[in-house]
Amino acid sequence: MPTAPDAPRIRPARPADDDALALLDRLTWSPLHAVTPEPQPPYGPFFDERHLPEDHLVAELGPRLVGYIRLGFPTGLACNAHVRQIQGLAVADEARGRGVGRALLRAAVEEARRRGARRLTLRVLGHNAPARALYASEGFMVEGVLPQEFLLRGEYVDDVFMGRPL
C-alpha cells in the first residue's frame, strides 16, 4: 500500500545517513528528553561501535531525513535477549505534529517483532509529557518510576520505565 504524499516514509538507516543524523541529533537536543550535556564541537559521528546503522530506523518527508528511532538491547544478557529497548527517538522541529514520531514508533514495534522480540521497553523523563502521551497511546504502560533520578538544570526529574508486549 503506497503512503500518502505527506506521510513520513520509514526505512532502515544507512551508513551514508551519519552526517544528517548527527546534525538532527544536535538540533533536537533538549533538556525535556536529554540527560547528557548539550553537544559541543568538535562533534563526533552519529554511528559508532555501540550504535550501528542497523540499530536505527529513519523517517523521511520527501527527500529530507526528519527523524530516527534507535532499537537496542537493554542488557547484554542472553536471558533477556527477547526484549528490545527504544534507546533514542528524535523528530526535527519542522516535522513535529505530522505523525513522524508515531510512524517511527510503530515501525520500531514491527521491527522488534521481526527480530523475534517479545517485549519492547523504553525510558522517558517524567517531565516529558508529550512523549509519555505518545507512548501510552501506542500501548506502552508505566512499569516503574525512579523518583528524582536525574538532576537537570537544577531540578530533580523522575526516570519512567515503560513497556509493552509484542
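# Pockets and core of a predicted model

Student: In this predicted model, which elements each supply at least two residues of the lining of the second largest pocket?
Tutor: On a 1 Å grid over the protein atoms alone, a pocket is an open set of points where a 1.4 Å probe fits, with protein on both sides within 12 Å along at least five of seven lines; lining residues have an atom within 4 Å of a point. Helices (H or I, at least four residues) and strands (E, at least two) are DSSP runs numbered from the N terminus. The elements that each give at least two lining residues here are α1 and β3.

Student: How many residues does α1 give to that lining?
Tutor: Residues are numbered from 1 along each chain as its sequence is written, and side-chain values use heavy atoms, without hydrogens or water. Local features need pLDDT of at least 70 and side-chain atom pairs pLDDT 80 or more, whereas totals for chains, interfaces and linings use all residues. The lining of the second largest pocket includes Ala-20, Leu-23, Leu-24 and Leu-27. α1 gives the most to this lining, and its number of residues is four.

Student: What volume does the largest pocket have?
Tutor: A volume is the space filled by probe spheres set on grid points, which are joined across faces, edges and corners. The second largest pocket has about 150 Å³. For the largest pocket, the volume is about 1600 Å³.

Student: Which element gives the largest share of the lining of the largest pocket?
Tutor: This pocket is lined by 50 residues, and Gln-87, Gly-88 and Leu-89 are among those nearest its centre. Strand β4 spans 83–91. The largest share, seven residues, comes from β4.

Student: Is His-56 buried or exposed?
Tutor: His-56 lies in strand β2, and Tyr-68 is among the residues that His-56 touches (heavy atoms within 4.5 Å), neighbours up to four places away in sequence not counted. A polar atom of the His-56 side chain lies 2.8 Å from the backbone oxygen of Leu-52. Buried means under 20% relative accessible area, exposed over 50%, and partly exposed in between (1.4 Å probe, protein chains only). Because the relative accessible area of His-56 is 2%, His-56 is buried.

Terms used. A polar contact is a pair of N or O atoms within 3.5 Å; within protein, one must be able to donate a hydrogen and the other to accept it, and residues adjacent in sequence count only if both atoms are side-chain atoms.
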